[in-house]
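I opened this model to look up a few things and write them down in order.

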4 protein chains.
Amino acid sequence: MKKLWQKNKNRLMVEVEAFETKGDLLLDQKLIPFDIQGSIAHAKMLKKIHVLTAQELQILLKGLEKINSLYKQNKFLLSFGDEDMHSKLEDFLTKNYGEVGKKIHTGRSRNDQVLTALRLYSISELKEIKFLIKKLIKTLKSYKKEFGSISMPGYTHMQKAMPSSIGLWIENFIAALEDDFKNANNVQDIINQSPLGSAAGYGVPINLNKEFTARLLGFKKVQENPIYCQNSRGKFDANILSALIQLLLTINKLASDFLLFTTTEFSFFQASEDITTGSSIMPQKKNLDIAELLRSKVHLVLGNYVQIVSLSSNLISGYNRDLQDSKKSLMESLEITKDSLKITQLLLLSIKPNKEHLKETITKELFAAEKALNLVLKGDNFRDAYQKIGKNLKGSEKNEKEK
Amino acid sequence: MKKLWQKNKNRLMVEVEAFETKGDLLLDQKLIPFDIQGSIAHAKMLKKIHVLTAQELQILLKGLEKINSLYKQNKFLLSFGDEDMHSKLEDFLTKNYGEVGKKIHTGRSRNDQVLTALRLYSISELKEIKFLIKKLIKTLKSYKKEFGSISMPGYTHMQKAMPSSIGLWIENFIAALEDDFKNANNVQDIINQSPLGSAAGYGVPINLNKEFTARLLGFKKVQENPIYCQNSRGKFDANILSALIQLLLTINKLASDFLLFTTTEFSFFQASEDITTGSSIMPQKKNLDIAELLRSKVHLVLGNYVQIVSLSSNLISGYNRDLQDSKKSLMESLEITKDSLKITQLLLLSIKPNKEHLKETITKELFAAEKALNLVLKGDNFRDAYQKIGKNLKGSEKNEKEK
Amino acid sequence: MKKLWQKNKNRLMVEVEAFETKGDLLLDQKLIPFDIQGSIAHAKMLKKIHVLTAQELQILLKGLEKINSLYKQNKFLLSFGDEDMHSKLEDFLTKNYGEVGKKIHTGRSRNDQVLTALRLYSISELKEIKFLIKKLIKTLKSYKKEFGSISMPGYTHMQKAMPSSIGLWIENFIAALEDDFKNANNVQDIINQSPLGSAAGYGVPINLNKEFTARLLGFKKVQENPIYCQNSRGKFDANILSALIQLLLTINKLASDFLLFTTTEFSFFQASEDITTGSSIMPQKKNLDIAELLRSKVHLVLGNYVQIVSLSSNLISGYNRDLQDSKKSLMESLEITKDSLKITQLLLLSIKPNKEHLKETITKELFAAEKALNLVLKGDNFRDAYQKIGKNLKGSEKNEKEK
Amino acid sequence: MKKLWQKNKNRLMVEVEAFETKGDLLLDQKLIPFDIQGSIAHAKMLKKIHVLTAQELQILLKGLEKINSLYKQNKFLLSFGDEDMHSKLEDFLTKNYGEVGKKIHTGRSRNDQVLTALRLYSISELKEIKFLIKKLIKTLKSYKKEFGSISMPGYTHMQKAMPSSIGLWIENFIAALEDDFKNANNVQDIINQSPLGSAAGYGVPINLNKEFTARLLGFKKVQENPIYCQNSRGKFDANILSALIQLLLTINKLASDFLLFTTTEFSFFQASEDITTGSSIMPQKKNLDIAELLRSKVHLVLGNYVQIVSLSSNLISGYNRDLQDSKKSLMESLEITKDSLKITQLLLLSIKPNKEHLKETITKELFAAEKALNLVLKGDNFRDAYQKIGKNLKGSEKNEKEK
């Protein structure tokens, strides 16, 4: 495909083009619906400010609808030679609808176009993630309702510490998810600014109506400063990922707990067979791989976060192509988080406490602090009571060994 | 110092103790005022629930005030052999005020004590950071007022792109800082929960009044679930750091711009001598080290963030001592951020645009997009207008070379 | 496909299977040739130790050759429902060659199978990378030969510092690449150990001949301890990536330099048009995107490194499925590095110094240190000479301003 | 202190100076002996090339020895106002020995001076680390000798998998440490290049004898290219840290295993009391904090690695002050690694297997793979044998439940 900026027969070296678009076209493929959305708003605005006639707008809208419908049938596919989705869109419109295709880019740049598409995409993903958090909270609440009263030991330093319960333990994840929800909300709120109209990062000398496109696209407000539009790219992406990391830390904790609590030695929980996998060599194995792969996810997004922050710093203001390489880190992380939320949900539905065994785990040393506090209620000071109980425990340990 | 938990003459191996407290005592030293604050609230609550008498409370308050005053005179110093500030506090109270010292730990653990101190500290730091952001925004606004109308080129891909101005450029940092402020606010809001009363992470079997201590300490609410209190430690710390990273990304951009714009080749700005340093070997050098050291800071906090997320994952619920190692990452990052905000402020006060030179930088190719858009206003479609201008430019370039 | 470990009609939940194999099948697709290689060696060894007859071996080799040939025709494709390449291989052999297919897994586990495939793959990639380093060094040497004598300023703190030359500058990359080569070599040497025969991580109670398979596969030695085979997975992967990061830091520096040195303001170099790209809105732009996308790559691999180290720590000994998620981080990083080396090569072939302009950049203040040293040769001590030159410079600066 | 580069009464703003030297002076304090070493070599070389007379050299050597001796008595202390150790050194020499002090900086810059000191320091640290690795390997070998024959289960997916032993398990750490040693060796070998004489990064126009100083300082060779001397700073530091991460991953695995294996539920090992700590609230607790704090260390160095790679990329060639901020990441990481090696040593000396309990953990399902392989030896193919054993296990499980 001839590039939008190509002025003569000189062509970009094939290897260079391959390097510059590698992987990126696959990502753009997923963003097309959002680029169409942005283009529709931009076209409507161009008509409003009289750059397009009503008739031209109709043709463009028809063309964009056509692309949308081809896309849904899996027939609008980016392939090597296409520079990006933006170019492909303009090219398609020009080839099929003539002159109007050459007008749609008036007053915009691919720089603000990709920002708009990414932002619409991110907000849409965050909304789904928030929905999935709510759903997971609901499942946790049912779990607590069903099994909450069962006792289990509480651990510190991985050592049995004090009496706890499934209810207390599950509740801790609910509380964490509620904070995670707030974080997701906050970041959605911050990025909810329309960059459309910032063009290459310095605006354009024609009078675009940025409020109009922002409203059409459902943004909360216009991101007024065009330089900030560009400078906020890696920054906003990093902000999103830090909210996802919060969420995946919660899931990591839940998975870590389940993996310990389902070892033979702990045996607090039993997973149903349709979520465990076997070994190719050891006939007896039933493994909770699902929890291991949930546990690993926060690390993937942490790495993606490092990529974004690291690649977008030490750079001057304005668009730098380095930022293209943050696209995958962003999109992959959102995808990972959605999957993880869904699978955590399934995990909870397929794992049950071993009530009988859990009873046996509530051993007397768990009540040592309670005993010390009882002495306090009878008048001892805490530190002496603590020493007294501590020495008794040592005594009985010793006795036991002597027997 | 004898440890709180020590029951006999066995002692922790000296090398082990050194390893376990290395660096940590220095951090605790800074947290003491917050541990005192938490202890005062806890003592008042113990009186309210009748574990302490009014008289005992008076003695404890006197003791804690004494510590506070010694601390301010730099006379309450942790040193090797002290396990941590919590132990030192109880030890001091017991040694100097007897029996009541042994009562203050009733119903609490060092686990919730350190959480409380860290949280009070973090909130206090975030408040100062928010104040410094506001101050920096004010300085940027003055800068814009003074120099905003001066033109400068806008860059994309590090290449001159379109006309811009100091005003547009400065405004982009203001907008960024306003979002950074929101992030700082959000994280302050999320961590604003009192963990006091969660004890070792599983509550205690006596009826503490957690609402009362929360209120005394100025927390927005009680963090009800005691397991979540512990599990939120690394998580909240990471959340704070991600807000700081947002802020330091803004400063990194500003520093990167200034460093490029003060090269001889660009010469957009001139720094005053009292913020530049020289070379030990090249007599002519004037370096803007200050901007280089501002630029590097986001990377330090990024690394600290990786430390916290990485060390607090793949661990089971409840207190794990690994988390002690996040204390430095947290405290150092808050410190770095405060310093950076203050120094950015100073930098702005000592650097001025080279008006004359900036005028010359506004060259005609910056107006190529404007020219294309002018053709559009005269009826051309954008893509053809773009081609026309593009070819003219190539022509004139060619001509210039031929001359 | 029925799983190797499936004993009855219970099936893994579809969503769980999707989550567990997502992305992974695409990676396995690239590893198939190495899994075949490992399987051939394993089969030959089984014959040698009389688990297989000569005839059975012939059938298996025929089968594995068949798979290889299908693979090359793009007809041996993993798809959803396949657990992994290992299962697919055994399944294909059993379906098409009967009984012998059921024998190939004797004495091995998918745990050592994947380790073997990944290690063969990594070594093969490292060899190619070493070849590409050598090639790039050669190109740099030609560049130095052609343009080395041209002067250019040397910078410290981004400020003009002392006289330098293209030769000195290019030579610095050659020296860096020579060290990078050593690192690549070192890591190749360390991972050059055959894990085949370690089975699930604890060996097997039959007498495998691990030296024989190691020799067949070209490994330098057997990795004797089976637990270490597993424990070294993330560790070796991280080791590889750290060598790649060294290399990409060199490329990052080269790209950063070129990006600054091709700004209009510096104009030290001129890139040919077939490696620059344009803007969709600004007709005049010629951007060196290629260097920006080279610059970003070290950050991607840094993030991948964080993923591997972070996900493989805080885990107990033995295989943990979390490690599956390091496969992409590893393979993608090797791919990125190869591409970057090739493209850096191209970049050098398409970018030339602006000799005329570079002459003008050698201004007199660059010689201030030289002047001071000349005074030293005439008997001054260095610090006083430095002061003298420094003051003269200030004077002449002042004079210039006064004119 | 007046700065080396200060030419008039203008002073660096106090806040700027505080920001620029914060923390750095403490680090420099540790590097002084290496800076003295470098200075001695430089002075000797200046005499050799006739910049200094024999007598002047004697005075300088006396002065440097004086500093060394003051340093050892803790009387040569950097404090606020000192720019760095290099300036302090020159200042001291000039003040106390007059004219010759002003000559020592002839032909060098603080840029190559700090590189030299850091490199000497790093090599010295790496040597000690290699010594500590050897020592730890020796301890592991004794441990294996004493307890190696005791059986323990081997785990995959955290589930009991196959029979293993303390010997096999310990041996895995020995093998890992041997590879870690090679890595440390490799990096020591790569950084073993003398940067002294590269001056500010572009050499000097007088004929220094770099081979002479390199030999005096014990370097393997001269780092010839002066630009590479500077450009290798962050790069070499990162290289060192990646070798440390390899080592700390080994320790992390050992600590993770011990933490699981000392839970009450596993009870494979028993730690002696002088390495366990108690709880301030729960009288019964004995915690293996030491292993938790060993486990956390790889994460700290990982974060430090991110700091160095991230801050030293996207920068142009030559010295950039950003690099100062890598000093702490480097020095702290070396310190952490040494401590961790020593403490791991102690841990092993204080923790013993519970022989009796370990016997009971060797349950029959661990032999399922062995049974299947026995059927293979009797003529079954592996996959059918696997199925047979697998179904028997399911049967017996069912029977057990029915009882």
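**Entry 1: an arginine in chain A**

I looked up A:Arg110 and found that it counts as buried, because its relative accessibility is 11%; buried means under 20% relative accessible area, exposed over 50% and partly exposed in between, with a 1.4 Å probe and protein chains only. The structure is a predicted model, in which local features need pLDDT of at least 70, side-chain atom pairs count only at pLDDT 80 or more, and totals for chains, interfaces and linings use all residues. Residues are numbered from 1 along each chain as its sequence is written, chains are lettered from A and ligands numbered from 1 in the order in which they are written, and side-chain values use heavy atoms, with hydrogens and water left out.

I placed A:Arg110 in helix H5 of chain A, residues 110–147. Helices (H or I, at least four residues) and strands (E, at least two) are DSSP runs, numbered from the N terminus.

Which residues does A:Arg110 touch, not counting residues up to four places away in sequence? I listed A:Leu4, A:Trp5, A:Glu83, A:Asp84, A:His86, A:Ser87 and A:His105, and from chain C also C:Gly278, C:Ser279 and C:Ser280. Contact here means heavy atoms within 4.5 Å.

With A:Glu83 I noted a polar contact, side chain to side chain, at 3.0 Å. A polar contact is a pair of N or O atoms within 3.5 Å; within protein, one must be able to donate a hydrogen and the other to accept it, and residues adjacent in sequence count only if both atoms are side-chain atoms.

**Entry 2: a lysine in chain D**

I then turned to D:Lys130, which lies in helix H5 of chain D, residues 110–147. D:Lys130 counts as buried because its relative accessibility is 13%.

Leaving aside neighbours within four places in sequence, I found D:Lys130 in contact with D:Phe181, D:Ala184, D:Asn185 and D:Gln188. The side chains of D:Lys130 and D:Asn185 are joined by a polar contact of 2.7 Å. I also checked D:Asn183, which is 53 residues from D:Lys130 along the chain; their C-alpha atoms are 9.9 Å apart.

**Entry 3: the hairpins of chains A and B**

Why is strand S2 of chain A largely enclosed by the rest of the structure? I found six of the seven residues of this strand (159–165) buried, so the rest of the structure largely encloses it.

Strand S1 of chain A (151–156) runs antiparallel to S2(A), and six bridges join them; two strands pair if DSSP finds at least two bridges between them. Opposite A:Pro153 I found A:Pro163 of S2(A). The two strands form a hairpin with two residues between them, and A:His157 in the turn has a positive phi of about 55°.

In chain B I looked at S2 (159–165) and found it mostly covered, with six of its seven residues buried. S1(B), residues 151–156, pairs with S2(B) in the antiparallel sense over six bridges. B:Thr156 has B:Gln159 as its bridge partner in S2(B). Between the strands of this hairpin lie two residues, and B:His157 takes a positive phi near 50°.

**Entry 4: chain A against chain B**

I counted 94 residues of chain A in contact with 94 residues of chain B. The buried area between them is about 8100 Å², with carbon and sulfur atoms giving 59%; this is the accessible area (1.4 Å probe) that two parts lose on being put together, summed over both.

How many salt bridges cross the interface of chain A and chain B? I found six, where a salt bridge is a side-chain nitrogen of Lys or Arg within 4 Å of a carboxyl oxygen of Asp or Glu. A:Asp180 forms a salt bridge with B:Lys235, with the closest N and O atoms 2.7 Å apart.

H8(A) gives the most to the side of chain A that touches chain B, 18 residues.

**Entry 5: chain C against chain D**

Here I found 94 residues of chain C in contact with 94 of chain D. About 8100 Å² is buried between them, 59% of it from carbon and sulfur atoms.

The count of salt bridges between chain C and chain D is six. D:Glu90 and C:Arg383 meet in a salt bridge of their side chains, 2.6 Å from N to O.
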